[in-house]
Amino acid sequence: MLEIVFSESACGALKLAQRYGEGKYRGGAIGVIARNKDGSEPSQEELDKLRREAEERERRAWERAVPLGGQREDVFCFALALSVGNIAPEAFREHRREALSALWGGWDEGYRKETLDRVLQTARAALETVRGRFERGEPLRVWHSRQPDEACGLRWLLSALAPWRGARGDVLLVELPAYCEDAEDACLRSFRDWGDVNIEYWGRFAKRQRAVSPRLCAALANEWRAVEAENAPLRALVGGRLRSLPEDAYDLSIRRALAEAPREFREGRLIGDILGRYALDVSDGWLAVRIEAMVQSGELAVAREAEADRPYSRVLRRA
């Protein structure tokens with residue numbers, strides 16, 4: 001079975017989930033980083049206790065997990081951030097390079113170029129392989145959610161595999177639930193996208209898969225073609241359908257957080273507050289892009305530049 005995800009975090013987690021929970025738990029190296037509320041360092045006894053608790057949680061997770069099965073070579077990743085930037089089919093690869101480069105603006109230039117080349121080459125080769133194997137009748141399972149990159153990725157892929165007729169493989173969709181209630185630890189969990197999902201949950205969530213018809217695949221592909229024609233700066237699900245959005249769609253949430261922030265603040269802290277408080281599906285990279293736009297417009301000022309290799313560490317000041 002062809003397994004499709006839309007972030008490198010999800011790709012790594014899915015590959016681990018294929019064997020996670022098989023056989024007896026063997027343990028492993030677990031490190032603990034902790035600090036007391038007053039800022040003091042925990043004692044060695046406290047650290048040992050925390051380590052034992054972490055080891056016990058890992059053991060329970062392994063024993064409760066349902067191994068997903070499958071082979072690593074059947075997992076394909078399209079980490080293209082398709083909710084952001086130019087998506088015109090002409091020069092699509094270069095448009096994706098520009099969009100991803102903007103989202104990763106704070107990274108080291110050499111590392112950014114190397115990563116961009118790898119991500120784009122991987123996606124190109126993956127699409128060719130997936131298309132060929134699917135045409136030969138292999139089933140396709142897509143892990144998607146309401147998060148914009150995953151919602152766009154699903155529709156883009158189905159559009160790339162069109163037309164939807166003739167003898168083809170089955171299409172299975174696994175939609176990430178809004179909440180997951182874990183009876184054992186009496187905890188209600190919420191995941192933003194598949195990259196956030198604990199490894200032990202993948203096998204359980206696989207039971208939610210549903211086979212979809214060529215008609216539905218064609219409808220989802222048409223949603224992508226519609227936003228592709230509009231080619232707006234952003235895209236997201238609105239009322240269950242993929243819609244185009246203006247580049248300032250999330251600025252209101254940024255300004256709400258700014259109103260409650262001190263006059264000077266770290267950019268990373270502001271981004272974390274926005275994502276945590278408003279549960280936005282947008283990436284931290286896009287928030288950084290919009291915050292930089294506010295700096296350029298004079299709405300914010302830079303009080304202290306970022307430290308090397310820490311792009312969100314700069315200190316900003318409200319004008």
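Axes here are lines fitted to C-alpha atoms, for helices over the stretch in contact, and an angle between two of them runs from 0 to 180 degrees between N-to-C directions. Keep that in mind for what follows. The model is predicted.

Start with helix α8 and helix α10. Helix α10 spans residues 284-297. The axes of α8 and α10 come within 11 Å. They cross at roughly 70 degrees. Angles of 65 to 115 degrees count as roughly perpendicular. The two helices, α8 and α10, are therefore roughly perpendicular to each other. Their crossing is right-handed. Which residues make the contact? On α8 they are D251, I254, R255 and L258, and on α10 they are L287, R290, I291 and M294. Sorted by class, this contact of α8 with α10 has five nonpolar residues, three charged ones and no polar ones.

Now turn to another partner of α8. Helix α8 covers residues 251-260, and helix α9 covers residues 267-278. These two pack at an angle of about 115 degrees, with their axes 10 Å apart. So α8 and α9 are also roughly perpendicular to each other. The crossing of α8 and α9 is right-handed. Helix α8 brings S253, I254, R256, A257, L258 and E260 to the contact, while α9 brings L270, I274, R277 and Y278. By class, the contact of α8 with α9 has six nonpolar residues, one polar residue and three charged residues. Look for I254 and L258 in the structure. They belong to the contact with α9, and they belong to the contact with α10.

Next comes the sheet. Strands of a sheet pair through backbone hydrogen bonds, either parallel or antiparallel. What is the order of the five strands here? It is β2-β1-β3-β4-β7, in an open sheet with mixed pairing. The edge strands are β2, at 75-77, and β7, at 210-212, and each pairs on one side only. Neighbouring strands of this sheet are turned by 30 degrees against each other on average, direction ignored.

Zoom in on one pair. Strand β1 runs over residues 2-5, and strand β3 over residues 140-144. They pair in the parallel sense over three bridges. E3 stands opposite R141 in β3.

Helices pack on this sheet too. Helix α5, residues 148-160, touches β1, β3 and β4. Its direction makes about 155 degrees with that of β3. Helix α4, residues 109-135, lies across β1, β2, β3 and β4. Helix α4 runs at about 135 degrees to β2.

Conventions: Residues are numbered from 1 along each chain as its sequence is written. This is a predicted model: local features need pLDDT of at least 70, side-chain atom pairs count only at pLDDT 80 or more; totals for chains, interfaces and linings use all residues. Side-chain values use heavy atoms; hydrogens and water are left out. Helices (H or I, at least four residues) and strands (E, at least two) are DSSP runs, numbered from the N terminus. Angles under 35 degrees count as roughly parallel, over 145 as roughly antiparallel, 65 to 115 as roughly perpendicular and the rest as oblique. A crossing is left-handed if the near helix is turned anticlockwise from the far one by less than a right angle, and right-handed if clockwise. Contact means heavy atoms within 4.5 Å. Ala, Val, Leu, Ile, Met, Phe, Trp, Tyr, Cys and Pro count as nonpolar, Asp, Glu, Lys and Arg as charged, and the others, Gly among them, as polar. Two strands pair if DSSP finds at least two bridges between them.
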